Amino acid sequence: MTESTLFPTALADTARLRQDFPILQRFIGKKPLVYLDNAATSQKPTAVLQALDDYYRCHNANVHRGVHTLSEEATASYEGARTRIARFINAPSDKQVIFTRGTTEGINLVAHTWGRANLKPGDEVLITAMEHHSNIVPWQILQEQVGFTLRHIPITPEGLLDLSQLDQLLTERTKLLSFVHASNVLGTINPVHELVAAARRVGAKILVDGAQSVPHMPVDVQALDVDFFVFSSHKMCGPTGIGVLYGKRALLEAMPPWMGGGDMIREVKLSGSKWNTLPYKFEAGTPAIAEAIGLGAAVDYLTAVGMDWVREHEQQLTRYAYARLSQIEGLRILGPGPEARGGLIAFTLGDVHPHDLSAVLDSEGIAIRAGHHCAQPVHDHYGVVASARASFYLYNTRKEVDQLAAALEKANTIFAL
Amino acid sequence: MEALYREAILDHYKHPRHKGHLASPDLHFHDHNPFCGDEITIELKVENGVVVDAAFDGRGCAISQATASMLMEEIVGKPLDELKQIDKEYILEMLGIEIGPVRLKCALLPLKVLKASVWGLDEWPE
């Protein structure tokens, strides 16, 4: 870790933080980059870039095989990253931290192994209307093959989960409740404890999609008492291509493997094989070693900054942005008020298409997301095809929010109908 | 920015020509772009192999909708055989702007729908 990242939490300030992210020095044309697309992917601090570089330059070897120095170093770094990630989410054991390619793969893994082994016709899987496509489509695919019923919890007009009919939706037929912790469009932070308690009453298992929560707030998987929890590295300062599936130990041990291959076996004979123990049972093939080490460095970085600080910083920024954007003529914010949301704001601006909006903002150096953000059902709920989304992270500033607001005013002028 | 949203494009976007539907079109096609949700429908009235009337409907960004509007003005009075020759360069020249790879698909959606209409396709060949 570089020296600049080793500051006490109380001294963390954005100006210093920004120096840890080389890309934030970039210009887009003649304008300094204003990066507000963090819900899509975050930028990477020097500490993470150095961890990747150091691994490839000095320690590159395959893990869990080979009795030579490099392989031992690579294995120690890879497994060390797993330990630090386990600590970061307060998993009781490293063995319950399974490396995946990301949130999407984590959900698919649960669908293909736990789902295939436990779901049958007549059973129900309950999701919500604010899911990312990654928590809808894997269940639809499995549903076609297995024949269970997929239901969803609707959304209220203000963008919260409508729990008024939960008793009818969540019944003893429900075998799994799978929902997003923080919505990538509405920003809504869902009431995990309430939903977990309701699911436990009917004996349903619980999967939580933490792609938009783990990067932005302290998460304790034991306190949440969920059965499965999934998230991605690249949204939390780490590299792409790696993520985590956390699961309760008894469940993971009972689940059949998904992909077969090297590393996930204890013994292979042509007549049959025996599976490896956790977590390797679910990690077939050479893993994303550098990426896991990079995620370990990202977790160290976020821990040094302090996740409470990150959450507080984003909340302040989001409150400010909500107030600023609300003043812009024709701007409509999707989702709840600033107090009940994570650090992102999706919106529409009059009849201006979000892609046109994004193009105008890009000409001002501002990166936002435009489209349906892989959550079409949410947009259907609001009767819009697409939206624009500004999403914040630890390095964003009020000045950047001001620049966003000014660029939106400019778009209003260009597209005035 | 002014380079991408030049006056003519904004004018076609804000005041689309030939927008709506024909009473009894001879040829028509509809398609959308799954990445951005832009939608375009084109309807053509044809007499003796010549387009005598054209209409488009759709929703989407300024580039896709303005391109469709401009294209409608271009094609009325032209034989189908000539429309089969329209290519990407024709569209870019018509728009008169520099366009990056991401927005190119916005500009080319109306062309795709027009081509499918002119050839009388039921669905786009994969």
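Twelve residues of chain B are in contact with twelve residues of chain A, two residues being counted as in contact if their C-beta atoms, placed from the backbone, lie within 7 Å. On the side of chain B that touches chain A, seven residues are nonpolar, two are polar and three are charged; here Ala, Val, Leu, Ile, Met, Phe, Trp, Tyr, Cys and Pro count as nonpolar, Asp, Glu, Lys and Arg as charged, and the others, Gly among them, as polar. The model is predicted, and local features need pLDDT of at least 70, side-chain atom pairs count only at pLDDT 80 or more, and totals for chains, interfaces and linings use all residues. Residues are numbered from 1 along each chain as its sequence is written, and chains are lettered from A in the order in which they are written.

Chain A is divided into domain 1 (51–303) and domain 2 (307–414), with bounds that come from an automatic or database domain assignment. The centres of these domains, taken over C-alpha atoms, are separated by 29 Å, and 20 residues of domain 1 of chain A are in contact with 23 residues of domain 2 of chain A.

In helix 2 of chain A, the residues A47(A), V48(A), A51(A), Y55(A) and H59(A) are buried, meaning that 20 or more other C-beta atoms lie within 10 Å of their own, whereas a residue with 12 or fewer is exposed and one in between is partly exposed. Seen down the axis of helix 2 of chain A, the buried residues fall within an arc of 105°, so they line one face of the helix, the arc being that of the directions from the helix axis to the C-beta atoms. On the other side of helix 2 of chain A, Y56(A) and R57(A) are exposed.

Note on methods
Helix = DSSP H or I, 4+ residues; strand = E, 2+ residues; numbered from the N terminus.
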